[in-house]
Amino acid sequence: MRGTFSFRSALFILLLGVFTYLYGLDSRFAPKNGDEYPYMHIVRMTADSGHWLPLQSEMDGIKNTKPPLIFWQGIASTHWASEWTLSNLRWPSVLYTGLTAFFLFLAVRRFSGKTQTGLLAALVWLSFFATYRYGRPFLADPPEVFWISLPFLAILYWGKSAFESKFFFPLMAGVCLGLALFAKSFAYIVPASFAMGLYYWRWRQWSIPQVIIRDLYKSIFIAVIALGIFALWFAMDPNPEAVWKEFVVGENAGKFAARQSNYVMDLLRGGDSIWLLMITTIANAGLFSFVLISSLMQCWRARRFLSLEEVLLLLLIAAFFIVFSLPSQRSGRYLLPVMPAFAALIALYWDRLPLWGFRIALLLQLLVLSLLLWIGINLQFSQFIGTAGVWTYSYCHWILMSAGLLVALFGLFKQSLTKTFSLAACFLVYCALTSSLAPLEGRLGRYSAETIAQLQDKDVWIPCDYRAKDEEYRLLMPGAKLHGYLAKDAGEVVTLTSTYPLVALHAPLGTRLVLCDSCQIVGQRMEMRARHSNEEINEMLMGQIGKHLFVNEYLVSTPASNPDLSSVKDVCR
């Protein structure tokens, strides 16, 4: 059959996927969410206290922002912050993501009867951009997705044995969901319990009396076990009142308050509408979004002939979507636990899916790769020179870019390869994203060892554009005492050098830095800017990449006296 997914192709793409998730794991520029640095801050502060609880933080209002499991994970993987690297913080996330893919493979292989289909489901899930973005960094999403998915995948694997189990499966499901709550939020017990109830209801042939008689106690038992595990936080924390106020009331209950006009209007329009929730959920698939849409269309056409497993997958998706459409704050990120179900549906319908969704994916991949290639050529071949060196790529980068473009082009024009190559190209695009910024991971984007030695135990002021940005600088300046000022002021050379005795400031590439007579440059490197005006974006599209996308960062020693830290607001906090 045209586009059939072979076992040999699956193994090759699996190796490519493993490489993709490990490549650049310690990169500061890895796709991630802004929560990573606040989480790092809490881990470091809690580890410095020498106790597992209470969680520690210097940030106002951000201490008990998540249950302790994710922070304990960071403490353990960094050996109480003594081995402080992004790789050590992130590798457990990759392990969780890998385990989720493995159990998804086992479940789909079991009920489909095909090893290729199981492998395909795992690979499709790994190819989703949301999986790559949230499944590698130090975030609460990888353990949450794993522990929530596990009992539902177990049902797909065991089938009747799981449904008819009176104690073992409910106990296992309760423990798994409890660990999910202990990693992310007690709120997830609502969609998980709702989905489990729908599973039992479908198993009893939609008979409510049968569910009440034979399965209601199981659902209650599962919920009680899960909430009991989450409640251990209150039992173990020396200050449970703070946990209630900051996490239960502030972090969760506040999500039901109207954000714009009123609840009903927010539901139907605006940035938190139910329609945007639907779009962002599908967009979690990234380059495969249109493949996902075509799979859902296929499900609708075959709705009268769906297998039990297909119905269960759709019920899981529906339960989470319904529940997370109720809070006034709606985000596709909340539906990450159902993305493995979407991947399983794509795998089941793979051979019957039309090619248009895959062709759109290939066109998007070609667009991204072409854009990265254009930017790379501009950077390397336009005399782009920073204060710390020249922007250069290795031969491996150009080989990777060429391979990605060739795979996407072959897939676009050769129908028998369209589906397989579109899947492989997803991973090549992610590798290209990492490789394109590789020069900043080396000497060009880092301070020299001599500079770092001079900063030990010294107060240094750095630009901050979001909370806990100093945790990123801590990786660049280990041993320095960091304080933040507004990032928008990073180019105010005169003001900064007259205010702070040791400060990091920014200057456009190609400009000559004018300093006071007593000022001295201690170190320098190149950095990528995060925020741009519309005018700057237009100029970058016209080819002026280096002018706006990057800046030179200078560490400058000045004659200014050390300000009173007690009276100066640390913007990073």
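Where is the place of A81? A81 sits in the loop between helix 3 and helix 4.

## Basis of the model

This is a predicted model, in which local features need pLDDT of at least 70 and side-chain atom pairs count only at pLDDT 80 or more, while totals for chains, interfaces and linings use all residues. Residues are numbered from 1 along each chain as its sequence is written, and side-chain values use heavy atoms, with hydrogens and water left out.

Helices (H or I, at least four residues) and strands (E, at least two) are DSSP runs, numbered from the N terminus. Buried stands for under 20% relative accessible area, exposed for over 50%, and partly exposed for values in between (1.4 Å probe, protein chains only).

## Backbone exceptions

Most residues other than glycine have a negative phi, and most peptide bonds are trans. A81 is not a glycine, yet has a positive phi of about 65°. A81 has a relative accessible area of 18%, so A81 is buried. A468, also a residue other than glycine, has a positive phi near 65°. The place of A468 is in the loop between strand 3 (459-464) and helix 23. With a relative accessible area of 0%, A468 is buried.

The peptide bond from L53 to P54 is cis, with omega near 0°. P54 belongs to the loop between helix 2 (36-49) and helix 3 (69-77).

N88 is found in helix 4, which covers residues 86-112. N88 counts as buried because its relative accessibility is 19%. Contact means heavy atoms within 4.5 Å. Leaving aside neighbours within four places in sequence, N88 is in contact with S77, T78 and E83.

## Helix 9 against helix 12

Two packed helices are described by the angle between their axes and the distance between the axes. Axes are lines fitted to C-alpha atoms, for helices over the stretch in contact, and angles run from 0 to 180 degrees between N-to-C directions. The axes of helix 9 (residues 168-183) and helix 12 come within 8 Å and cross at roughly 35°. This crossing of helix 9 and helix 12 is right-handed (the near helix is turned clockwise from the far one by less than a right angle). Residues of helix 9 that make the contact include P170, L171, A173 and G174. On the side of helix 12, residues including K218, F221, I222 and I225 take part.

A223 is also in helix 12, and counts as buried because its relative accessibility is 16%. Leaving aside neighbours within four places in sequence, A223 is in contact with I189 and S193. The C-alpha atoms of A223 and Q456 are separated by 51 Å, and the two residues are 233 residues apart along the chain.

## A nonpolar surface patch

W201, W206, I208, I212, I213, L216, I220 and V224 form a nonpolar patch on the surface, with about 780 Å² of accessible area together. Helix 11 (208-214) and helix 12 (216-236) are the elements that give two or more residues to this patch. I212 is in helix 11.

Patches are made of residues with over 30% relative accessible area and no salt bridge, where like charges are joined within 9 Å and nonpolar side chains (Val, Leu, Ile, Met, Phe, Trp, Tyr) within 5 Å. Accessible areas come from the Shrake-Rupley method with a 1.4 Å probe, and for residues only the protein chains shown count as cover.

## Salt bridges

Side chains of opposite charge can pair when their charged atoms come close. The structure holds 21 salt bridges (a side-chain nitrogen of Lys or Arg within 4 Å of a carboxyl oxygen of Asp or Glu). One of them joins the side chains of R204 and D215, at 2.7 Å from N to O. R204 lies in the loop between helix 10 (189-203) and helix 11, and D215 in the loop between helix 11 and helix 12, so the pair ties together parts that are 11 residues apart in sequence. Both R204 and D215 are buried.

R573 forms a salt bridge with D470, the closest N and O atoms being 2.7 Å apart. This pair links distant parts of the chain, with R573 in the segment after strand 7 (550-557) and D470 in helix 23 (residues 470-476), 103 residues apart. R573 is buried, with a relative accessible area of 9%, and D470 is buried at 1%. R44, E58, D470, E471, R474 and R573 are linked in a network of salt bridges.
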